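Please open the model in your viewer and keep the selection tool at hand. The tour below goes from one selection to the next and says what is there.

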Amino acid sequence: MLIAGSKAVFGRSPLGLSLVVGGEEVLTAGSISTDPNTFEWVTWDVEKYMGKTAVVKANASAPMSYGGRTIPRGFIALGRIEQGSKRLSTYLDEYSVTVNADKKYILIPAANNGSNSRLSVFCGENNILGIAQSAKPATDRVDYYIPVNVEKYKGQNLRVVLTGVKTTDLVYGAIRTSDSIENEYNETYRPIVHFSPEFGWTNDPNGMVRTPSGEWHLSLQHNPYGTSHGNMHWGLSVSKDLIHWKDYPDVVAPDELGSIFSGSAVVDHDNTAGFGKDAIIAIYTSAGRGQRQSIAYSTDGGYNFTKYPGNPVLADPEQRDFRDPKVGWIKGQWVMALAVGQVIRFYGSPDLKNWTFLSDFGTGLGSHAGVWECPDLMSFDYKGQTKWVLFVSINPGGPNGGSITQYFIGDFDGKRFKADPLPYPLWVDEGVDNYAGVTFDNTPGRKVFMGWMSNWVYTGQTPTKGFHNSMTLPRDLSLKHNGKHLVLASVPSPEVYAARGLKKDINPVISTDSKVISPILEGNKGAYEIDATITPDAKGEFYLTLSNTKGEKAVIIFDLRNGHLKFDRSKSGIVDFSDSFAAKAVDVALNTRPEYKIQLFVDKLSTELFINEGDMVFTNCVFPTEVYNTFEISSSDCKLNVKDIAVYELK
């Protein structure tokens, strides 16, 4: 059949042709061309229906009414139909290849511009992926290989099935096995001291817990079958020092309840759930037809999880946005903070299985410029008084566009959170590339935070290859007073300093012009920390500038006259992947101080600026085409006393 036309029908009923035999629709076909006006051959294999009467049926829908407008749902065009013994089409509804699992991975050539496909891997009748996963098999180029871990099936024959493949595609005939992933790990923007997945997409950090054995476990929103958002699993990476991470197989995979969205994990010290003392319990959102909360448990220290057969444990069919459970043991019960539309809802439970509604929080408070997500409720001791902090991420609606995380300070009585009267919204991080961050469970005396280091406005377009996105450095949180009111203070976790290598001391300088450090480091690999204390003699402007030999530069501007901190990345390197990335400087309020103690952490694609030991943190990504190896402190209108300058290699 020669077919042209639209591929989709405004997200509604099917559009295309079907073959009806004996009153049953047995085969379907639609347009396969990227141009709806181009005809291409599509072939049906009808051998098993030979001798029977069949009808070719066109499936189309009438235009729909939406917002007072009539919207066409697409079209289908049939140029020719014939029978024959030769396949005229290069298109295969289903491409199947049998592979012996003689090595650790099956590698499937894929590309960012690949055609959308459904991937399954069968051992007998069992799809070892759980359910079919979205994939983009390579058509005219190979950007990366999808690695399917088949260690558990060593020596067995597995059947790899992809839908919508052409015999002319590069993936055709090229699926093979390997003992390594074979994607380029040390690509240009691969961070050195920040977590990034070995392969695939990541967004929110999930299931963050320090295990009873002392390991740091980071689960994450992960797509193990591609570099774009989709196929949401919980990945797993483990660290002994919060800096260097080792990837393990994903621990929670999609099922009949849906994709695995964000959530948390706790150590059940007292076996309240009945899965065993010190079992690690994951609490996550099952995102299918609606959003519901489910649990899974691990009795081997967090490396393998079993889903609770009674899932979901919490549902509300009236709520569309009902997700991201953050759970902790508070005042003699498990308390869940859950994002529900534009509020945070609290639930209580004795056993993590049976939940009771406690209260709602948030109406009329803080920023409601975007949907509320990823809450976290935690307590702090401040001068002998217990204070509570509630995180709420919002997307979009950040003051500089896109996603950002706000917080509230107040009191929690075990049922209700009451916010102190403060000048909300208050931001966890004033930069544009820190979102959905939460704290680790089971860290007595500490609140250790990590966030997703990107922004939903442009995250899908950033110029990485075999992986997408990374996490912030770990940070220890506390409360401090800024001279006006309590604020959340965020400083690098002590483990960060253990990553310091070579130290380069710089002589202090008093100058009306500038202090230049070039090179920042000999043999600079792109990860370093720059510390300094800067005392301006007047309320003018001063600048921190990172640059390279290609003229690319990222400029941090302290505008003391107007009380602003800005980040100009318009000439920072690759910026044209998104109109929103560098269209204007990031611009936030700055508390003016007599002096500014700065810690600037740079790592390939990121800058994290900590000011005055918790006053402010400012995280923004950059994509220079070579590492920044010159740093300048300068001012155009005030004299700067600069002291305690030091540079540390990070490794």
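A charge is said to sit over a ring if NZ of Lys or CZ of Arg is within 6 Å of the ring centre and within 35 degrees of the ring normal. This is a predicted model, in which local features need pLDDT of at least 70 and side-chain atom pairs count only at pLDDT 80 or more, while totals for chains, interfaces and linings use all residues. Residues are numbered from 1 along each chain as its sequence is written, and side-chain values use heavy atoms, with hydrogens and water left out.

**Charges and rings**

Select Arg 569 and Phe 581: the charged end of Arg 569 sits over the ring of Phe 581, 3.8 Å from the ring centre. Then select Arg 500, whose charged end sits over the ring of Tyr 648, 3.8 Å from its centre.

Rings of Phe, Tyr and Trp (its six-membered ring) pair if their centres lie within 6.5 Å, and planes under 30 degrees apart count as stacked, over 60 as edge-to-face and the rest as tilted. The structure holds 31 aromatic pairs. One of them is edge-to-face, Tyr 347 with Phe 357, because the ring centres are 6.0 Å apart and the planes stand at 75°. This pair links distant parts of the chain, with Tyr 347 in strand 27 (residues 343-349) and Phe 357 in strand 28 (residues 356-361), ten residues apart. Strands here are DSSP runs (E, at least two residues), numbered from the N terminus.

**Strand 35**

Next, select Trp 452 and Trp 456, whose ring centres lie 4.9 Å apart with planes at 50°, so the pair is tilted. Is each of these residues buried or partly exposed? Trp 452 counts as buried at 0% relative accessibility, whereas Trp 456 is partly exposed at 29%; buried means under 20% relative accessible area, exposed over 50% and partly exposed in between, with a 1.4 Å probe and protein chains only.

Strand 34 (residues 435-439) runs antiparallel to strand 35 and is joined to it by three bridges; two strands pair if DSSP finds at least two bridges between them. Within this pairing, Thr 439 has Phe 449 as its bridge partner. Strand 37 (residues 475-481) also pairs with strand 35 in the antiparallel sense, over two bridges, and there Val 448 stands opposite Asp 476.

Now select the five strands of an open sheet with the order 20-19-18-17-36 and mixed pairing. Its edge strands are strand 20 and strand 36 (467-468), each of which pairs on one side only. Strand 17 (residues 200-210) and strand 36 pair in the parallel sense over two bridges, with Gly 200 opposite Phe 467.

Terms used: Helices (H or I, at least four residues) and strands (E, at least two) are DSSP runs, numbered from the N terminus.
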